Amino acid sequence: MEEILHLYYENNAEKLHGVVNGIVKSFGGLSDMDMDDFYSLANEVFADIIRRYDDSRSFEAFLYSCLCNRVKTEMTKRNREKRKTEQLLVSIDAPIGEGETLTWRDVIPGRYDMEEEVLERNGESYSERMLKYLSRLSREQKKVLMLKAAGYMPREIRKNMKLTKKEYAEYHAAIHSDRNVSLLI
């Protein structure tokens, strides 16, 4: 056992790390932090199998098979957790409720309110950022923005401008698009 320990742990566990690297390279895209996690996992597996090893097969094969199983289990667990997290993600532009045009962006408080600035200034001495932002909007999009800033509800805006829900949603999305809004921040 002493020889096995020395073989796998000499030079800062170089051989054990090599076995781990060979197993996880097929997964790809792992960060250094992930690799450190798998090296720690390898230490746990090594400690476990060193107690269970019985000379009936090669230690290297036994270690490799146990490490493979444990790494695959860990990767499956991590991927499952990622999928759960991704299922919980909601776009800030997602409608709230079915058939609604109100989005999370509309109800999440922020420090900057472009509609308020549009209403307050009404074209008078806008900041350079606001002018650049407004230049990216079409005439209809600007009108939707002005009506929204004046406090009109989405259905009132649609009725006033004779817009379909889809048209209104498209204008609203352009007004709040990250590409456009990023000019204001």
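Buried, as the word is used here, means under 20% relative accessible area, whereas exposed means over 50%. The model described in this report is predicted, and every value was computed from it.

**Overall build**

The secondary structure of the protein chain comes to ten helices and zero strands, so that from the N terminus on the elements read α-α-α-α-α-α-α-α-α-α. Of the 185 residues of the chain, 34% count as buried. Among the contacts between residues at least 6 apart in sequence, 54% join residues that are at least 24 apart.

**Helices H7 and H9**

Two packed helices are described by the angle between their axes and the distance between the axes. Helix H7, which spans residues 139–149, packs against helix H9, residues 165–175, at an angle of about 85 degrees and with the axes 9 Å apart. Because angles of 65 to 115 degrees count as roughly perpendicular, H7 is roughly perpendicular to H9. On the H7 side the contact is made by Glu140, Gln141, Val144, Leu145 and Lys148, and on the H9 side by Tyr168, Tyr171, His172, Ala174 and Ile175. Sorted by class, this contact has six nonpolar, two polar and two charged residues.

Which residues of H9 are buried? They are Tyr168, Tyr171, His172, Ala174 and Ile175. Seen down the axis of H9, these buried residues fall within an arc of 160 degrees, and therefore they line one face of the helix. In H7 the buried residues are Gln141, Val144, Leu145, Leu147, Lys148 and Ala149. H7 is followed by Gly151, whose phi is positive and near 100 degrees.

As to accessibility, Asn12 is exposed, with a relative accessible area of 67%, whereas Ala13 counts as buried at 8%.

**The cysteines**

A disulfide is a covalent bond between the sulfur atoms of two cysteines. In this model the count comes to zero disulfides.

| Residue | Relative accessible area | Class |
|---|---|---|
| Cys66 | 16% | buried |
| Cys68 | 13% | buried |
| Ala13 | 8% | buried |
| Leu183 | 18% | buried |
| Asn12 | 67% | exposed |

**Leu183, after helix H10**

Leu183 is placed in the segment after helix H10, which covers residues 178–181. At 18% relative accessibility Leu183 counts as buried, because the limit is under 20%. Leaving aside its neighbours within four places in sequence, Leu183 is in contact with Arg129, Lys132, Tyr133 and Arg136. For one of these, Lys132, the separation from Leu183 is 51 residues in sequence and 7.2 Å in space, C-alpha to C-alpha.

How values were computed:
Residues are numbered from 1 along each chain as its sequence is written. This is a predicted model: local features need pLDDT of at least 70, side-chain atom pairs count only at pLDDT 80 or more; totals for chains, interfaces and linings use all residues. Side-chain values use heavy atoms; hydrogens and water are left out. Axes are lines fitted to C-alpha atoms, for helices over the stretch in contact, and angles run from 0 to 180 degrees between N-to-C directions. Helices (H or I, at least four residues) and strands (E, at least two) are DSSP runs, numbered from the N terminus. Angles under 35 degrees count as roughly parallel, over 145 as roughly antiparallel, 65 to 115 as roughly perpendicular and the rest as oblique. Contact means heavy atoms within 4.5 Å. Ala, Val, Leu, Ile, Met, Phe, Trp, Tyr, Cys and Pro count as nonpolar, Asp, Glu, Lys and Arg as charged, and the others, Gly among them, as polar. A disulfide is a pair of cysteine sulfur atoms within 2.5 Å. Buried means under 20% relative accessible area, exposed over 50%, partly exposed in between (1.4 Å probe, protein chains only). The arc is that of the directions from the helix axis to the C-beta atoms.
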